[in-house]
Amino acid sequence: MGRLDDKVAIVTGAGSGMGAQTARRFIGEGARVMLADVSIEPTQTLADELGDAACAMKLDVTSEDEWSQAVDATVAAFGGIDLLVNCAGITGMSPLEGSVEPFRKMMEVNYFGTLLGLRAVIAPMRERGGGSIVNFSSINGIAGAPATGAYVASKFAVRGITKTAALELGSAGIRVNSVHPGAIATPMTSKEVLGFDPRPYLSKLASLGRVGEPDEVAQLVVFLASDESSYCTGAEFVIDGGVLAGLSWPS
């Protein structure tokens, strides 16, 4: 028996990284999953790999219309919605004295994309008698970092809307929590995206001495999606190898 038997989920950012691994874990635990991503080709490939319990669709999370289409498609395919994982996001460098455009773009994708998804699933979750929403923030939704103000601001915003949503939706049986990964081995922490390889440095910040793996995060998301976390809402769950545990002396 799976931990998510009879559950229906939408997972955004499902084409790669933590979103893809979350979709794999969900289906392994008995859920049926709509894999949504702005990049449809890798998403469809993964859905084909995962079989009949998976469908794929293109979703620009900044579009309210596309969110409505995603909800309608999920209900049509699987009969309802119990779970939402807002994993889609972008990152990059954004010095305070640089262009203001990264600040607008990251708020649009990371924060408004999460907000629109959250709003879109409320009605179908109410029809099912409740549900669980997991919003991806970051350790940079708890602590700042230089030259990344746009990303930091967007992830603090995700943390904040998570708590507000938990307060507003608890009476409907809808739980809302945020996860706060540290450095995870995904394309978003690659040299191709950031222009440098941050992993050796980030490994030194973690008390465990390494970056995390997408599956380690996916296992936490399964817990938050399952009935095992039935009394958890409005909380942040840090998974960072000990980075935020405190200051450490250089060795």
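Predicted model: local features only at pLDDT ≥ 70, side-chain atom pairs only at ≥ 80, totals over all residues.

Visitor: How many residues of the contact of helix 4 with helix 5 are nonpolar?

Guide: On the side of helix 4 the contact includes Phe103, Met106, Leu118 and Ile122, and on the side of helix 5 it includes Ala153, Val158, Ile161 and Leu169. Four residues of this contact are polar and two are charged, whereas the nonpolar ones number 16.

Visitor: Which term describes the orientation of helix 3 to helix 4?

Guide: Helix 3, residues 64-78, packs against helix 4, residues 101-127, at an angle of about 40°, and the axes are 10 Å apart. Roughly parallel would require an angle under 35 degrees, and roughly perpendicular one of 65 to 115. Helix 3 is therefore, relative to helix 4, oblique.

Visitor: Which residues of helix 3 meet helix 4?

Guide: Helix 3 passes helix 4 in a right-handed crossing. Helix 4 brings Gly113, Leu116, Gly117, Arg119, Ala120, Val121 and Pro124 to the contact, and the residues of helix 3 that meet them are Glu64, Trp67 and Val71. By class, the contact has two polar residues, six nonpolar ones and two charged ones.

Visitor: Is the crossing of helix 1 and helix 8 left-handed or right-handed?

Guide: The axes of these helices cross at roughly 55° and come within 8 Å. The two helices are therefore oblique to each other. Residues that meet here include Gln21, Arg25 and Phe26 in helix 1, and Val217, Val221 and Ala225 in helix 8. The crossing is right-handed.

Visitor: Which element gives the most to the largest nonpolar core?

Guide: This core has 31 residues, of which Phe26, Val33, Leu35 and Phe136 touch the most other members. Elements that each supply at least two residues include strand 1, helix 1, strand 2 and strand 5. With six residues, the element that gives the most is helix 8.

Visitor: How many residues does the second, separate core have?

Guide: Within the largest core, Val33 is among the residues that touch the most other members. Beyond its neighbours within four places in sequence, Val33 is in contact with Ala9, Val11, Ala23, Phe26, Ile27, Ala53, Ala54, Cys55 and Phe78. The second core is separate and includes Leu59, Ile122, Ala166 and Val176; its residues number 25.

Visitor: Which residues does Glu228 contact, leaving aside its neighbours within four places in sequence?

Guide: Glu228 is found in the loop between helix 8 and strand 7, and is partly exposed at a relative accessible area of 48%. Although Glu228 and Arg3 are 225 residues apart in sequence, their C-alpha atoms are 8.4 Å apart in space. The contacts of Glu228 are with Arg3 and Phe223.

Visitor: What distance separates the C-alpha atoms of Thr233 and Gly170?

Guide: Thr233 is also placed in the loop between helix 8 and strand 7, and it is partly exposed, with a relative accessible area of 37%. Not counting residues up to four places away in sequence, Thr233 touches Ala166, Ile174, Arg175, Val176 and Asn177. Thr233 and Gly170 are 63 residues apart along the chain, and their C-alpha atoms are separated by 8.0 Å.

Visitor: Is Asp6 buried or exposed?

Guide: Asp6 lies in the segment before strand 1 and has a positive phi of about 70° although it is not a glycine. Most residues other than glycine have a negative phi. The relative accessible area of Asp6 is 64%. Since exposed means over 50%, Asp6 is exposed.

Visitor: What is the relative accessible area of Ala147?

Guide: Ala147 is found in the loop between strand 5 and helix 5. Ala147 has a positive phi, near 65°, and is a residue other than glycine. Ala147 is partly exposed, and its relative accessible area is 33%.

Notes:
Residues numbered from 1 in each chain as written. Heavy atoms only, no water. Axes fitted to C-alpha atoms, helices over the stretch in contact; angles between N-to-C directions. Helix = DSSP H or I, 4+ residues; strand = E, 2+ residues; numbered from the N terminus. Parallel < 35°, antiparallel > 145°, perpendicular 65-115°, else oblique. Left-handed = near helix turned anticlockwise from the far one by under 90°. Contact = heavy atoms within 4.5 Å. Nonpolar A, V, L, I, M, F, W, Y, C, P; charged D, E, K, R; others polar. Core = buried A, V, L, I, M, F, W, Y, C linked by side-chain atoms within 4.5 Å. Buried < 20%, exposed > 50% of the residue type's maximum accessible area, 1.4 Å probe, protein only.
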